[in-house]
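Let us read a two-chain model together, one feature at a time. Where would you like to begin?

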Amino acid sequence: MGTRGYRYKTSHSLPGPGDGGNTGSWRVQRPVIDLTRCTPAKRGVEACFSCWLYCPDVVVSRTIPPQIDYAYCKGCGICAEECPTKAITMVDESVYHEHPEG
Amino acid sequence: MHIIETGNVAAALGVQLAGVQVVAAYPITPQTPLTEKLSELIEAGEMDARYVPVESEHSALAVCIGASSAGARAFTATSANGLLYMHEQVHWAAGARLPIVMCVANRAVGAPWNIWNDHQDSISQRDTGWIQIYSCDHQQIIDDTLKAFRVAETTSIPVMVCYDGYLLSHTYMPFAVPEQEMVARFLPPFHPSYALDPDAPANLNTVTLPEIRMDVHGEMAHGYMEIRYLLQEDLRNAVQVVEETDAAFQELFGRGGVPLVEPYRCDDAEYVVVAMGSLTYQLWDVIDALRTEGHKVGVLGVRLYRPFPDAAVAAALQGARGVFVMEKALSYGYEGALCSDLKSALYDHLPDKSRAPFVKGLVAGIGGREIKTVDLTDALRSGLAGSIPGPGWIGIRL
């Protein structure tokens with residue numbers, strides 16, 4: 001009645017980055033923040049953070065400026081949709097594959 | 001202490017003695033008196049448990065899944081279409097490896113609507129990964145319910161205790177009620193190997209990838225396929241757990257000894273009738289009658305249906321020339337599921353395939369059609385003479 005070398009008998013996911021695997025590889029579009037339009041970046045104060053609030057994968061930081069963890073961002077685009085100043089643009093991933101330096 | 005009560009009350013008393021902490025059930029005929037009894041016991045303070053009223057069977061098992069995940073001993077019960085309505089959660093409970101116990105008061109499924117007994121409801125759940133035990137009388141119902149919790153908690157696999165609607169659920173029979181302190185020795189409080197903990201949050205049975213993966217500890221975690229294989233492996237090993245549990249029960253209470261199959265006059269039998277549930281004991285009378293006519297016949301009751309005790313079934317039938325499998329259910333489009341399972345067991349285990357007994361599948365009692373002992377005797381008498389007239393549905397009038 002064992003787990004055959006695994007910690008748990010069943011599917012068991014703990015809070016923390018990357019428990020679902022390298023989900024950043026699922027992304028076909030990448031959210032890119034234009035800091036000249038982003039409210040906390042522009043004003044230098046803790047404000048807005050709609051991208052942090054709405055991100056379903058908790059990969060946007062609550063910092064000035066906000067940062068996106070591309071290792072786990074699946075590219076759903078909710079942050080771009082919710083950003084009140086339209087500071088976030090979804091850029092096709094192929095751009096980064098053709099130009100690996102970004 | 002011996003009492004005279006119904007099969008449903010036998011089940012309820014077993015649940016009470018087992019120290020169940022959460023009961024969630026939706027009433028459905030013929031299971032209703034069982035849930036009513038539990039509700040009364042809890043309301044009267046005679047059972048220290050939460051009764052969670054729900055709006056459906058799907059929710060009933062979902063509540064048990066939640067309760068069991070949090071480390072509580074959980075119980076539900078249903079019948080027929082109620083069991084089918086919870087089917088998704090039936091699969092889930094097994095995949096989540098939760099030691100829930102469910103009583104099924106066996107009833108025919110619609111359409112057409114029917115409230116009487118056959119086995120189509122629980123047999124239709126055979127591929128869900130639950131352990132299935134079939135009780136033949138009230139004593140077995142209460143004893144099997146207690147054993148079910150120990151088997152479930154040892155294997156982390158949910159268990160169904162199935163007994164015939166009306167024939168057992170509503171009839172009165174004398175049976176022994178185990179003493180609480182003896183039950184405590186047999187079934188200690190439930191200490192799960194893992195339970196949800198607010199201080200250490202976790203997400204259980206979330207999307208699990210086809211491949212194994214690295215978890216947040218940097219350790220390899222299994223994929224869906226590994227988890228499912230472990231269920232199958234543990235189910236196969238559960239045959240032994242069922243035997244060990246029965247042996248432990250027998251040592252304390254002096255009853256049991258037939259955890260997998262229950263043979264009756266099989267030792268020198270040339271022909272064996274195989275059945276499940278209360279029909280098994282009815283067949284004892286038939287076999288006694290046929291024995292007085294000189295036929296060497298016996299009955300093999302199958303007590304554990306999943307995991308299928310293939311080795312025990314094959315061993316019991318090894319010397320037979322013919323086998324009649326009498327079922328109250330059908331895998332529509334082929335034959336009775338027990339008949340197929342039994343043939344498969346014979347094919348795997350008989351050393352000499354050329355001497356395998358013939359296997360004849362028979363259907364009886366569908367939708368509560370009365371199974372008359374005289375009809376059974378007639379059918380088997382013609383079966384022994386070489387042919388059973390008609391399609392092999394005993395008592396059918398076309």
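**Reading the model, feature by feature**

A: Ala80(B) is buried, as 30 other C-beta atoms lie within 10 Å. A residue is called buried if 20 or more other C-beta atoms lie within 10 Å of its own, exposed if 12 or fewer, and partly exposed in between, with C-beta atoms placed from the backbone. Ala80(B) also has a positive phi of about 45 degrees although it is not a glycine.

Q: What should I know about the model and its numbering?

A: This is a predicted model, in which local features need pLDDT of at least 70 and side-chain atom pairs count only at pLDDT 80 or more, while totals for chains, interfaces and linings use all residues. Residues are numbered from 1 along each chain as its sequence is written, and chains are lettered from A and ligands numbered from 1 in the order in which they are written.

Q: In which helix is Ala80(B) found?

A: Helices (H or I, at least four residues) and strands (E, at least two) are DSSP runs, numbered from the N terminus. Ala80(B) belongs to helix 4 of chain B, residues 80–85.

Q: Where is Phe49(A) placed, and is Phe49(A) buried, exposed or partly exposed?

A: Phe49(A) sits in the loop between helix 1 (39–43) and helix 2 (50–54) of chain A. It counts as partly exposed because 17 C-beta neighbours fall inside 10 Å. The phi of Phe49(A) is near 55 degrees, a positive value in a residue other than glycine.

Q: How do I read the overall form of chain A?

A: Begin with the elements: chain A has four helices and three strands, and from the N terminus on they run β-β-α-α-α-β-α. For chain A the radius of gyration is 17 Å, well over the 13 Å that the rule gives for 102 residues, so the chain is more spread out than a compact globule. Along the principal axes, its C-alpha atoms fill a box of roughly 60 × 35 × 20 Å. Of the 102 residues, 25% count as buried.

Q: How do strands pair across the two chains?

A: Strands of a sheet pair through backbone hydrogen bonds, either parallel or antiparallel. Two strands pair if DSSP finds at least two bridges between them.

Q: In what order do the seven strands of the open sheet in chain B come?

A: The order is 3-2-4-5-7-6-15, with mixed pairing. Strand 3 (50–53) and strand 15 (304–306) are the edge strands, each pairing on one side only. From one strand to the next, the twist averages 20 degrees. Within the sheet, strand 2 (residues 22–25) and strand 4 (residues 74–78) run parallel and are joined by two bridges, with Val22(B) opposite Ala74(B).

Q: Is Asn117(B) buried or exposed?

A: Asn117(B) counts as buried, with 32 C-beta neighbours inside 10 Å. Asn117(B) lies in the loop between strand 5 and helix 6 of chain B. Leaving aside neighbours within four places in sequence, its contacts include Asn106(B), Asp164(B) and Gly365(B). The C-alpha atoms of Asn117(B) and Asn106(B) are separated by 5.8 Å.

Note on methods. Axes fitted to C-alpha atoms, helices over the stretch in contact; angles between N-to-C directions. Rg over C-alpha atoms; globule rule 2.2 N^0.38 Å. Contact = placed C-beta atoms within 7 Å.
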